[in-house]
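My notes follow in the order I took them.

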Amino acid sequence: MLNILIVGAGPVGLTAAIELARGGIKPTIIEQRLEPSGLSRAVATQSDVIDLLEPCGAGAAIRAEAVSIDKVKVYKKTKLVATMHINKIRKTKERLYGIAQNRIEFHLTEALNKLGVFVQHGVALEGISQTDDKVYTNYGGETHTYDYVIAADGVRSFIRNALGIEYDGFDMPDVWSVADVYAKDWPNPEEGKIYILPDGQIASAIPIETGRFRITSNTLNAIDTLPVKINVTEVNQQGNFHISIRQANTYSKGRVFLAGDAAHAHSPVDGRGLNLGVADAADLARRFHEGDLEGYSKARHAKGAYVLKMSELARGSTTCRRWRPRTLVYIVLKLIHFIPAINRYATLKAISNRPD
Ligand SMILES: Cc1cc2nc3c(=O)[nH]c(=O)nc-3n(C[C@H](O)[C@H](O)[C@H](O)COP(=O)(O)OP(=O)(O)OC[C@H]3O[C@@H](n4cnc5c(N)ncnc54)[C@H](O)[C@@H]3O)c2cc1C
């Protein structure tokens, strides 16, 4: 049996471990954190990604707990300019769900444990090198030898840096803010809401569970930036973060494969990172089972480049400061709002990572 190490037990490492174990390859998975993260980073989860997690049981558990986001409304300050009708997309069953990332990780961990694989917490990879037929890793004060290593170690990937893989792109200068809150009397709480504000500012409120919302903005204080007052009863978490728009120039080097944020980073505007990363992990595991590792980097790099392009289109058009392109954005949003065929097309593009 192949001897595989997965570094990182975020959603991507956990998915890779599950999908390998389901096919009979039990990997080792190490995680530097002492315990699972309690952070609700990703909240917008695509149904085609949940479908990938159905066979292991996590998909059904996630779907049962998640809020189905049937509509996303886009406002110019407080004036509605477009409603994206997710529940009206025809010919496909693609939908969008709101659920906190730590809950997704919880369900993935349960599924992994049922397959007899357990995350080794508090274990950080400290060194990696490889020959043509083995990978040598250092952790826990010892050298461990593997046939292959999967780098699911996030945006600052130790492995990507150690192997000298370029992470092309740029870091955004602005500071973003996020708040995970319980709130009362928020209108139409099952809808996602995006507010395009003057001076390139943006704020969004996405339901995570009944009465709980994730508010994000490209300003220092997401709650204060919402143009509609929200009656917050409890703040679960809030904080600030920087974003990078980057992609590794290759997803593999020798016997080491990158997946998830280790391979690509996006703005949170259209919620793509977790979705794309989980799909990377499922694709990579399938290739291990089918003996088709050669094509992984090219195929997933192309998918990642497409998703980054779409994500940047969403960020650029909603945070643009110049009036001409802004006016064009509002015209396009009006077309989306009033013409059902355009609405279905744009909505599908917004909630799916498929290029077709
Ligand atoms: C505010 C915010 C909102 C977001 N919203 C969305 C959204 O709505 N939808 C969406 O799809 N995505 C969203 N994302 C992106 C999403 O959170 C990430 O894409 C996702 O977490 C990537 O998963 P990952 O497993 O690749 O990396 P991570 O979740 O970062 O996991 C990497 C793991 O590797 C571990 N690790 C790192 N180095 C080592 C080492 N040397 N040894 C051992 N372990 C190590 C880390 O401790 C970590 O647990 C959002 C992100 C942010 C910040």
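**Helix 1 and helix 7.** I listed the contacts here (heavy atoms within 4.5 Å). From helix 1, Pro11, Val12, Thr15, Ala16, Glu19 and Leu20 take part; from helix 7, Leu274, Gly277, Val278, Ala281, Ala282, Ala285, Phe288 and His289 meet them. By class, this contact has 10 nonpolar, three polar and one charged residues. I counted Ala, Val, Leu, Ile, Met, Phe, Trp, Tyr, Cys and Pro as nonpolar, Asp, Glu, Lys and Arg as charged, and the others, Gly among them, as polar.

The model is predicted: local features need pLDDT of at least 70, side-chain atom pairs count only at pLDDT 80 or more, and totals for chains, interfaces and linings use all residues. Residues are numbered from 1 along each chain as its sequence is written, and side-chain values use heavy atoms, with hydrogens and water left out.

Next I took the geometry. The axes of helix 1 (residues 11-22) and helix 7 (residues 273-290) come within 8 Å and cross at roughly 25°. Axes are lines fitted to C-alpha atoms, for helices over the stretch in contact, and angles run from 0 to 180 degrees between N-to-C directions. Helix 1 and helix 7 are therefore roughly parallel to each other. The cut-offs I used: under 35 degrees is roughly parallel, over 145 roughly antiparallel, 65 to 115 roughly perpendicular, and the rest oblique. The crossing of helix 1 and helix 7 is right-handed, meaning that the near helix is turned clockwise from the far one by less than a right angle. Helices (H or I, at least four residues) and strands (E, at least two) are DSSP runs, numbered from the N terminus.

**Helix 3 and helix 4.** I repeated the exercise. Helix 3 (residues 58-65) and helix 4 (residues 101-114) have axes that come within 9 Å and cross at roughly 150°. That makes helix 3 roughly antiparallel to helix 4. This crossing of helix 3 and helix 4 is right-handed. Ala58, Ala61, Ile62 and Glu65 in helix 3 touch Arg103, Ile104, His107, Leu108 and Ala111 in helix 4. The contact of helix 3 with helix 4 sorts into six nonpolar, one polar and two charged residues.

**Helix 9 and helix 10.** At what angle do helix 9 and helix 10 pack? I read about 110° for helix 9 (residues 323-338) against helix 10 (residues 340-351), with the axes 5 Å apart. That makes helix 9 roughly perpendicular to helix 10. Leu335, Ile336, His337 and Phe338 in helix 9 meet Pro340, Ile342, Asn343 and Ala346 in helix 10.

**Ile150.** I found Ile150 in strand 12 (residues 148-151). Ile150 counts as buried because its relative accessibility is 1%. My scale: buried is under 20% relative accessible area, exposed over 50%, partly exposed in between (1.4 Å probe, protein chains only). Leaving aside neighbours within four places in sequence, Ile150 is in contact with Ile4, Leu5, Ile6, Val7, Ala16, Leu20, Phe257, Leu284 and Phe288. I also checked Ile150 against Pro11: they are 139 residues apart in sequence and 13 Å apart in space, C-alpha to C-alpha.

**Salt bridges.** I searched the whole structure and got 18 salt bridges. Each is a side-chain nitrogen of Lys or Arg within 4 Å of a carboxyl oxygen of Asp or Glu.

I started with Glu191, which pairs with Lys73 at 3.2 Å, N to O. The pair links distant parts of the chain, 118 residues apart: Glu191 is in the loop between strand 14 (176-184) and strand 15 (192-196), and Lys73 in strand 5 (residues 71-76). Lys193 also forms a salt bridge with Glu191, the closest N and O atoms being 3.9 Å apart.

Glu209 and Arg212 meet in a salt bridge of 3.1 Å, N to O. Glu209 is partly exposed at 30%, whereas Arg212 is buried at 8%. I also noted a network of salt bridges linking Asp283, Arg286, Arg287, Glu290 and Asp292.

**Arg315.** My last entry is Arg315, in helix 8 (residues 296-318). Arg315 counts as buried, at 12% relative accessibility. Beyond neighbours within four places in sequence, Arg315 is in contact with Phe170, Met172, Trp176, Ile243, Ile245, Ser267 and Val269.
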